[in-house]
Amino acid sequence: MPKVITATGKALTYARNIHQEFGAGRTPTPLAKITRKLNILVDYTPLDRELSGMAMIKDGQKLIWVNSLHHPNRQRFTLAHEIGHHVLHEDILQQGVHVDKGVLRRDTVSSAGTEQIEIAANAFASELLVPQTTLKDLIDKEFDLDDNGSIEKLAKKFRISTAAVQFRLMRL
Amino acid sequence: MGHSNIYKHVGNNLATRRNELNLTQSKVAIAAEISRPSLANIEKGNQTITLHQLYKLANALELDDARKLLPAATSTMKLNPTPTTIKIKTTSKNLNDGHRTEVQKVLSMLGKR
């Protein structure tokens, strides 16, 4: 496995493969099962509201912390984002703890350079939570994106925030 | 996070005490109502000892206090050193001191689960 993956396309491929292998195409994505299969220990702990999560590899053990004070849907995105770091950025997590502030903030999403790994982790997370094929299917059959309620319905279906749905739809 | 050291420690205490009394594993195992292979594994720290087994073994080894077989709390901490030297990295530039302290606090819980 390459050491640090920053290419969005590759991040999406990793997410799809993991969803297929461990998620069995289920909606909402069974994140607990996926972390178990990937041998990642997850801890939900209260953190400052500005911090969303952390990831680290300590003595070979993969670890994730999720801010338990955030809304459960936001916690799911954080968890998926941290899983992304473990899958894509193992080398970085070996060097110390990686702390993530609000992962879906616009400045994180749009800025470049050092934040390439965050962009990759976000792409991974959004694909893991809302796989392309599942979303396309839904939009073809049930959802009209011009309908005002559709974002909320999608959020409910995938158990993610409406912000995460909007982020996902940006690369439809 | 690995707690196997605790069991090695307890196993070691059991074996030391048994040798002090010049007892065989078989004799102690019978008195504590466990099998001899189980006792052998417990002494090596390869089997997780249960609380009731601990009391029965303390009894079989003529100890008035089962706690004598346990490692001291402070030595457990030493066996699982708290990671104080972990580097904190973030892609966001402005991780303030309060956040750093909070992260350290969470990390310091690592050895104590």
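I looked up Gly53(A) and found that its bridge partner in strand 3 of chain A is Val66(A). Strands here are DSSP runs of E with at least two residues, helices are runs of H or I with at least four, and both are numbered from the N terminus. The model is predicted, with pLDDT of at least 70 needed for local features and 80 or more for side-chain atom pairs, while totals for chains, interfaces and linings use all residues. Residues are numbered from 1 along each chain as its sequence is written.

I then checked Val66(A) from the other side: Tyr44(A) stands opposite this residue. Ile40(A) has Lys62(A) as its bridge partner.

Next I noted the pairings, where two strands pair if DSSP finds at least two bridges between them. Strands 2 and 3 of chain A run antiparallel and are joined by 6 bridges. They form a hairpin with 2 residues between them, and Asp59(A) in the turn has a positive phi of about 50°. Strand 1 of chain A runs parallel to strand 3 (residues 61-67) of chain A, also with 6 bridges.

I looked at cover on strand 3 of chain A: 5 of its 7 residues are buried (under 20% relative accessible area, 1.4 Å probe, protein chains only).

I traced the whole sheet: 5 strands, open, mixed pairing, in the order 1(A)-3(A)-2(A)-4(A)-1(B). Strand 1 (40-45) of chain A and strand 1 (88-90) of chain B are at the edges with a single partner strand each, so one side of each has no neighbour in the sheet.

Conventions: Chains are lettered from A and ligands numbered from 1 in the order in which they are written. Side-chain values use heavy atoms; hydrogens and water are left out. Buried means under 20% relative accessible area, exposed over 50%, partly exposed in between (1.4 Å probe, protein chains only).
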